[in-house]
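User: Hey, can you walk me through this one? I'd like to look at it piece by piece.
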Amino acid sequence: MSRARVYADVNVHRPRDYWDYEALTVNWGDQEDYEVIRKIGRGKYSEVFEGVNVGNNSKCVIKILKPVKKKKNQTRNQNLAKHVWGNEHHSVVGRGEGSAE
């Protein structure tokens, strides 16, 4: 069995909600205030768009998760957003049509 040279024990020093993505609950916000302007990137599990908040006319980036077969992959992206911006951040606004549960 191999062992990482760096951060091999990172989860030992973090609380359970940092690494237990199966127990993650995302509080979805309102999607109605956002419009997509143009596509700016894509990856295996998501597409990224330039957008605008029509309520205050501010620019934003919209990441739309693609439907995936394994819950683990999509939940990992949601968990990343939670830890970058906090659980109640306004940037985590909703799921796209057809997103896997």
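This is a predicted model: local features need pLDDT of at least 70, side-chain atom pairs count only at pLDDT 80 or more; totals for chains, interfaces and linings use all residues.

User: Where is Glu-50 found?
Analyst: In strand S2. Strands (E, at least two residues) and helices (H or I, at least four) are DSSP runs, numbered from the N terminus.

User: And is Glu-50 buried or exposed?
Analyst: Glu-50 counts as buried because its relative accessibility is 18%. The cut-offs are under 20% relative accessible area for buried, over 50% for exposed, and partly exposed in between (1.4 Å probe, protein chains only).

User: What does Glu-50 touch?
Analyst: Leaving out residues up to four places away in sequence, its contacts include Val-36, Ile-37, Lys-59 and Cys-60. Contact means heavy atoms within 4.5 Å.

User: OK, which strand does S2 pair with?
Analyst: S2 (residues 46–53) pairs with S3 (residues 58–65), antiparallel, over eight bridges. Pairing takes at least two bridges found by DSSP between the strands. Ser-46, for one, stands opposite Leu-65 in S3.

User: How many residues sit between the strands in that hairpin?
Analyst: Four, and in this hairpin Asn-57 takes a positive phi near 60°. Asn-57 is not a glycine. Most residues other than glycine have a negative phi. Asn-57 also counts as exposed, because its relative accessibility is 62%.

User: What about Tyr-7, what's its phi?
Analyst: Positive, about 60°, and Tyr-7 isn't a glycine either. Tyr-7 lies in the segment before helix H1 (16–19), and at 66% relative accessibility it counts as exposed.

User: Switching topic: where is confidence lowest, and where is it highest?
Analyst: Lowest in helix H2 (residues 71–85), at a mean of 64, and highest in strand S1 (residues 34–42), at 95. That's pLDDT, the predictor's confidence in each residue, from 0 to 100. Over residues 97–101 the pLDDT is below 50, and this stretch has nine contacts in the model beyond near neighbours in sequence.

User: And what's the average for the protein?
Analyst: A pLDDT of 77, with 66% of the residues scoring at least 70.

How values were computed: Residues are numbered from 1 along each chain as its sequence is written. Side-chain values use heavy atoms; hydrogens and water are left out.
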